[in-house]
Amino acid sequence: MLVKLAREPSVDMRADQGVESMRDLAVFALAADCAGALYWPDESLLVVADLHLEKGSSFAARGMLLPPYDTAATLAALGRAVARYRPQLVIALGDSFHDTEGPARLAADDRAALLDLQRGRDWIWVAGNHDPDPAKDIGGVFARSVALGPLTFRHEPTCGAADGEIAGHLHPSACVSQRGRAVTRKCFAADDRRMIMPAFGAYTGGLNIRDRAFVAVFGALAFTAHLIGERRLYAFAAARCLG
């Protein structure tokens with residue numbers, strides 16, 4: 001499904017200067033994928049957010065036992081997305097690992113799979129709140145944020161106006177009423193200026209888009225939730241979704 005973001009150039013055209021106020025919008029088409037990834041065809045760019053690799057082993061270290069397969073499952077899903085789009089650049093929008101020790105806990109097979117995904121393409125790890133520092137032996141390069149053309153990619157969304165921003169961190173999910181029952185799904189949260197991406201990781205949960213954190217970002221419930229289905233995305237106005 002295509003999501004269009006429009007960015008307004010910072011040109012001051014005031015009526016009191018004898019010029020009619022107007023907007024000259026540039027529109028960029030981005031493909032939102034049912035896997036929870038985002039693809040920008042013009043730049044051959046694939047974006048994912050909040051992989052939270054090694055979350056299972058992090059919980060196990062604290063005595064909360066989970067099946068230790070989340071990293072392999074997440075990398076397999078990411079591998080399918082990479083094979084589908086064959087991007088020249090991948091940007092991971094922070095919290096790629098669940099904690100700063102996560103890279104050291106990678107199993108040999110998972111580390112090899114991660115490095116294999118990077119072969120023949122550029123890879124940027126954006127710093128997150130769970131993994132703020134560069135890690136060794138995982139390939140790629142590290143950045144606080146990435147500006148590419150009119151778009152800015154970062155982990156935590158900016159509160160208030162931030163045209164062209166693509167972020168993660170909030171793990172958006174939405175609940176809607178369908179045929180008399182409530183259905184909750186991860187989602188892309190977007191208006192025509194910015195987007196918050198769903199968490200890609202196998203063990204990641206979601207935060208309901210009716211939470212105040214999303215109002216702080218978008219300013220109101222005047223944005224769209226693109227719910228992830230099995231074969232397509234379903235668009236619902238945020239104001240129509242259930243709290």
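In these legends, a residue is called buried when its relative accessible area is under 20%, exposed when it is over 50%, and partly exposed in between (1.4 Å probe, protein chains only). The model is predicted, so local features need pLDDT of at least 70 and side-chain atom pairs count only at pLDDT 80 or more, while totals for chains, interfaces and linings use all residues. Residues are numbered from 1 along each chain as its sequence is written, and side-chain values use heavy atoms, with hydrogens and water left out.

**View 1. Two histidines with positive phi.** Most residues other than glycine have a negative phi. His 52, however, has a phi near 50° and lies in the loop between β4 (45-48) and α1 (55-61), where helices (H or I, at least four residues) and strands (E, at least two) are DSSP runs numbered from the N terminus. With a relative accessible area of 5%, His 52 is buried. His 169 has a positive phi of about 75° and is placed in the loop between β10 (165-167) and β11 (172-178); at 24% relative accessibility, His 169 is partly exposed.

View 2. Helix α2 (residues 70-85) has 16 residues and spans 23 Å from its first C-alpha to its last, close to the 22 Å expected at 1.5 Å a residue, the expected span being 1.5 Å times one less than the number of residues. The buried residues of α2 include Asp 70, Thr 74, Leu 78 and Val 82. Just after α2, Arg 86 takes a positive phi of about 50°.
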